[in-house]
Amino acid sequence: MSYIVDVIATIAQQGSSNQVSGRISIRIIIFSLLFLTLLLYNYYTSSVVGGLLSSPGKGPYTIKEFTDSPLTLSFHDIGYNKVLFAESKDPTIREMYRKKAEPSREGKNTIPVYADVSTAVPYLKQGGYAFHCEFTEVFEEIANQFDAYEICELRTGASLFSDLNIIGMILPKRSMYSEIFKTTLIRAQEIGLIKRNLRRYRPEKPTCQAGSRIHPVEFHSVRTAFAILGVGFAASLVFFSFERLWFNSILKRESMNFIQ
């Protein structure tokens, strides 16, 4: 029973009893356990500290960076995305379309070039994908499907329509009402009405509430420690067998001398 207590105390780094067995096999086992716990705690604390100190990668943000990244891009299946690629003269958008949208994806287990929000969000959850859409249509779905850590790792980038105004009025050319609508929109922006409506109808990105994520230690990082432990146990079994044989031979010799 004392050996079991010593093993538990050694693994918990609480030390062991002062009485050390005279058997070499027991000493090898204790030494192997001490060395195992040293390596395990070393690997684990190094992984935790490294995860806390390392800053997360920012990832691509601009259209050019998305084009050069290994991410698989998909676009919301709505009309103006297709019209944009067909009529845009912007070289960066044309290059993105040529590299990310033109290659065929038929027969591949991947996201389509044009997809709806419900189809795209599970791929975003897997990682390695980017989806171009309106934030108002995707953030609610992300909040429902992503957990706290996945929301913290979610990133947003520049839009293909960054030059469009948030709110505008469509009027006939040289309309007599242009100045009236312009004054009304400026007034609505000054008193915060536009900001209130945007906050109400355009949901914000889900807030990261998980804090720093500590990644678990993988087995290949500590397999050396387990290998050393296995070698220690094997060596202890060998020494234990020799000790038993030696002890039995001594008993047999003493019994023969006693008979004589």
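At what angle do helix H4 (residues 79-87) and helix H5 (residues 91-101) pack, and how far apart are their axes? The angle is about 110°, and the axes lie 9 Å apart. H4 is therefore roughly perpendicular to H5, a label for angles of 65 to 115 degrees, while under 35 is roughly parallel, over 145 roughly antiparallel and the rest oblique.

Before going on, a word on the source: this is a predicted model, in which local features need pLDDT of at least 70 and side-chain atom pairs count only at pLDDT 80 or more, while totals for chains, interfaces and linings use all residues. Residues are numbered from 1 along each chain as its sequence is written, and side-chain values use heavy atoms, with hydrogens and water left out.

Helices (H or I, at least four residues) and strands (E, at least two) are DSSP runs numbered from the N terminus. Axes are lines fitted to C-alpha atoms, for helices over the stretch in contact, with angles from 0 to 180 degrees between N-to-C directions.

Leu84, Phe85 and Ala86 of H4 touch Ile93, Arg94 and Tyr97 of H5, where contact means heavy atoms within 4.5 Å.

| Helix pair | Angle | Axes |
|---|---|---|
| H4 (residues 79-87) and H5 (residues 91-101) | about 110° | 9 Å apart |
| H6 (residues 117-126) and H7 (residues 135-145) | roughly 50° | within 10 Å |

The angle of the second pair makes H6 oblique to H7. On the H6 side, Val117, Val121, Pro122 and Lys125 meet Glu137, Val138, Glu141, Ile142 and Gln145 of H7.

Now for the sheet. Its 3 strands form an open sheet in the order E2-E1-E3, with parallel pairing; two strands pair if DSSP finds at least two bridges between them. At the edges are strand E2 (114-115) and strand E3 (129-132), each pairing on one side only. H6 packs on this sheet, touching E1, E2 and E3, and its direction makes about 150° with that of E3.

Strand E1 (residues 72-76) runs parallel to E2, joined by 2 bridges.
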